[in-house]
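Subject: Structure for you, with notes

Hi,

Here is the structure I promised to send over. Have a look at it first, and then read on for what turned up in it.

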Amino acid sequence: MNQPSAVALTTSKPDPGLCFLIRQFAAGDIRELLRKTSARLSGRRPPYVAPADYHVPDSAACKKAISLVREASPDFLFGHCMRTHAFAVAMGHKVSKPVDREVLFLGCIMHDLGLTAAHDHGGTFELDGAKAAHHVCVSEGLSPDRADLVHEMVALHNSVGVAEYRQPEVALVHYGAGADVIGMWVHDIDPKTLHEILEQQPRDGFGEGMARLIEDQVTRKPDSYMASMVRMGFLKKLRSANLG
């Protein structure tokens with residue numbers, strides 16, 4: 001018999017407001033400065049991660065997720081989801097606990113399903129996508145706790161000041177998506193690894209395409225989570241991000 005889930009599902013995601021986001025970004029900047037200073041003084045560098053390390057897990061659930069995302073998404077969005085996974089694996093050194101590699105891929109590849117027409121049901125895109133991803137996982141036979149963890153990865157992937165303190169898979173999708181979208185934490189990726197990921201999955205057309213999707217979300221859903229981020233200049237950073 002399946003055991004009940006130990007993960008409490010996120011069921012609402014309102015706009016956190018400018019003050020909260022400013023505090024969280026400032027605190028994050030301070031933490032990153034301290035971490036980079038410590039790494040520089042100790043000589044630590046991000047480890048090289050080979051392409052074989054971020055290959056797609058060979059499971060029916062992963063194949064189903066890829067098919068679903070590829071069918072529903074424009075090319076630039078599918079590429080973003082694949083890079084998110086690769087970057088998440090490349091930053092595995094930022095978390096201290098073991099990671100479920102299948103769950104990590106599932107959450108990464110499906111984290112933006114709510115931005116697609118097929119899975120946008122009028123709610124905030126993170127929760128619409130989380131429900132769709134959860135359904136895929138359950139239908140493919142994942143246990144309730146693993147399906148719920150994928151739900152939380154999708155629901156919280158852009159939750160500043162929250163995701164990094166949750167399960168390692170939630171933190172890693174947050175890091176991976178943030179790196180690809182606006183270049184956050186790219187200094188935590190080995191330069192050769194970064195080059196190989198971008199060569200394998202180029203960011204062609206991504207900045208403008210993603211900016212238009214977010215603009216559409218905020219226009220139609222002015223109380224959605226991304227509204228304050230857009231007011232802070234998120235779209236300008238997105239359009240101008242250059243990962244190298």
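Predicted model: local features only at pLDDT ≥ 70, side-chain atom pairs only at ≥ 80, totals over all residues.

Residues are numbered from 1 along each chain as its sequence is written, and side-chain values use heavy atoms, with hydrogens and water left out.

**Pockets**

A few terms first. On a 1 Å grid over the protein atoms alone, a pocket is an open set of points with protein on both sides within 12 Å along at least five of seven lines, whereas a cavity is a set of points where a 1.4 Å probe fits but cannot get out; lining residues have an atom within 4 Å of a point. Points are joined across faces, edges and corners, and a volume is the space filled by probe spheres set on them. Helices (H or I, at least four residues) and strands (E, at least two) are DSSP runs, numbered from the N terminus.

The largest pocket holds about 890 Å³ of space. It has 37 lining residues, and F25, H174, I182, M184 and W185 are the closest to its centre. Two or more lining residues come from each of α1 (18-42), α7 (168-182), α9 (206-220) and α11 (234-240). The largest share is that of α1, with eight residues. By class, the lining splits into 17 nonpolar, 12 polar and eight charged residues.

What does the second largest pocket look like by class? Its lining has seven charged, three nonpolar and two polar residues.

**Y175 and W185**

(Rings of Phe, Tyr and Trp, the last by its six-membered ring, pair if their centres lie within 6.5 Å; planes under 30 degrees apart are stacked, over 60 edge-to-face, and the rest tilted.) Y175 is in helix α7 and W185 in the loop between α7 and α8, 10 residues apart.

Buried or exposed, where does W185 fall? It is buried, because its relative accessible area is 9%; the cut-offs are under 20% for buried, over 50% for exposed, and partly exposed in between (1.4 Å probe, protein chains only). Y175 is buried too, at 10%. One more thing about W185: its phi is near 65°, a positive value in a residue other than glycine. Most residues other than glycine have a negative phi.

**Cores**

A nonpolar core here is a set of buried Ala, Val, Leu, Ile, Met, Phe, Trp, Tyr and Cys residues joined through side-chain atoms within 4.5 Å. The largest one has 54 residues, of which F87, L106, I109 and M110 touch the most other members. Helix α3 gives the most to this core, eight residues. Apart from it lies another core of 19 residues, including F125, V181, M210 and F234.

Taking contact as heavy atoms within 4.5 Å, I109 touches A65, I66, V69, F78, C81 and M82, leaving out residues up to four places away in sequence.

The whole-structure search finds one cavity of 30 Å³ or more. T124, F125, E126, Q217, V218, S224, Y225 and M226 line it, and α5 and α9 each give two or more of those residues.

Finally, H151 in helix α6 counts as buried because its relative accessibility is 6%. Beyond its sequence neighbours up to four places away, H151 touches L9, T10, A130, K131 and H134. E102, in helix α4, is buried at 17%. Leaving aside neighbours within four places, E102 is in contact with P57, S59, A61, C62, L142 and R146.

Cheers

Technical notes: Nonpolar A, V, L, I, M, F, W, Y, C, P; charged D, E, K, R; others polar.
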